[in-house]
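This report describes one protein model for a reader who is new to structures. Please look at the sequence and the model shown here before reading on.

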Amino acid sequence: CIPTTPAQIFHLLRRQVLRPFRKPLIVMSPKSLLRHKLAVSDLSDLSEGCFHLAVDEIDELDSNVVTRVIICSGKVYYDLLERRRAEKIEDMAIIRVEQLYPYPYDEIKKILEGYVNATQLVWCQEEPKNQGAWFVTRGRLVASKSQNMQLLYACRPPSAAPAAGYPALYKKLQLDIIERALSLNGLEPYADEQ
């Protein structure tokens, strides 16, 4: 699981304790989300909410205008959200997968059905292409998307190391990923689509 808000973390841990069976829980969440200005929850989200396997768009967008749905997990979501808001892009929705395994097929399908005019589904991750969730998730995304959607991805080039090595290169690579996810330039189509 990759929770992105305090309420999600609370309900994830609560769900784990209250389950009648014991199953390992692996949480992949960076410390930087503890300090992120957008990673907040209302008190009502804590008291009345529950853990959401996937989270739909939070901004008020006209779903009929949306032509691209960006799907991601983790803190890259906030980078995408900030950039989209700054550029006032209104034809792209950003959704989050909060639990990668077991994959929430039903939740993702239900969210994607709301975007009837979307023709592109973009997986965005900050990890290199040969790391992160892309290789595990791509077949699941194909099964979740509608027939009229093309699956594309935006991630770092394959690398032997998960980290860039120094902060300036990390920032440059991160900006490149965000730029590719929000524009038509540099997106790679998933070639194994059926």
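The largest share of the lining of the second largest pocket comes from α3, which supplies four residues. Helices (H or I, at least four residues) and strands (E, at least two) are DSSP runs numbered from the N terminus. This is a predicted model, in which local features need pLDDT of at least 70 and side-chain atom pairs count only at pLDDT 80 or more, while totals for chains, interfaces and linings use all residues. Residues are numbered from 1 along each chain as its sequence is written, and side-chain values use heavy atoms, with hydrogens and water left out.

**The two pockets**

Rolling a probe the size of a water molecule over the atoms shows where empty space is left. Here a pocket is an open set of points on a 1 Å grid over the protein atoms alone, where a 1.4 Å probe fits, with protein on both sides within 12 Å along at least five of seven lines, and its lining residues have an atom within 4 Å of a point. A volume is the space filled by probe spheres set on the points, which are joined across faces, edges and corners. Ala, Val, Leu, Ile, Met, Phe, Trp, Tyr, Cys and Pro count as nonpolar, Asp, Glu, Lys and Arg as charged, and the others, Gly among them, as polar.

| Largest | about 840 Å³ | 19 nonpolar, seven polar, seven charged residues |

Of the 19 residues that line the second largest pocket, Thr 5, Val 40, Asp 45, Ile 58 and Arg 96 are the closest to its centre. The largest pocket has 33 lining residues, and those nearest its centre are Cys 1, Ile 2, Ile 26, Met 28 and Leu 100. Strand β4 gives the most to this lining of the largest pocket, with five residues.

**The sheet and the helix across it**

Strands of a sheet pair through backbone hydrogen bonds, either parallel or antiparallel. In this model, six strands form an open sheet with mixed pairing, in the order β1-β3-β2-β4-β5-β6, and its edge strands, β1 (54–55) and β6 (188–189), each pair on one side only. Two strands are taken to pair if DSSP finds at least two bridges between them. Strand β4 (residues 120–128) runs parallel to β5 (residues 150–156), joined by six bridges, and β4 also pairs with β2 in the parallel sense over five bridges. Trp 123 stands opposite Tyr 153 in β5, while Ile 71 stands opposite Trp 123 in β4. Eight of the nine residues of β4 are buried, where buried means under 20% relative accessible area with a 1.4 Å probe and protein chains only.

Helix α3 (residues 76–86) lies across β2 (68–72), β3 (92–97) and β4, running at about 165° to β3; such angles run from 0 to 180 degrees between N-to-C directions, with axes fitted to C-alpha atoms, for helices over the stretch in contact. The buried residues of α3 are Val 76, Tyr 77, Tyr 78, Leu 80, Leu 81 and Arg 84, and what covers them includes β2, β3, β4 and α6 (167–182). Just after α3, Lys 88 takes a positive phi of about 55°.

**Beyond the end of β5**

Pro 157 lies in the loop between β5 and α6. Leaving aside its neighbours within four places in sequence, Pro 157 is in contact (heavy atoms within 4.5 Å) with Pro 128 and Lys 129.

Key. Buried means under 20% relative accessible area, exposed over 50%, partly exposed in between (1.4 Å probe, protein chains only).
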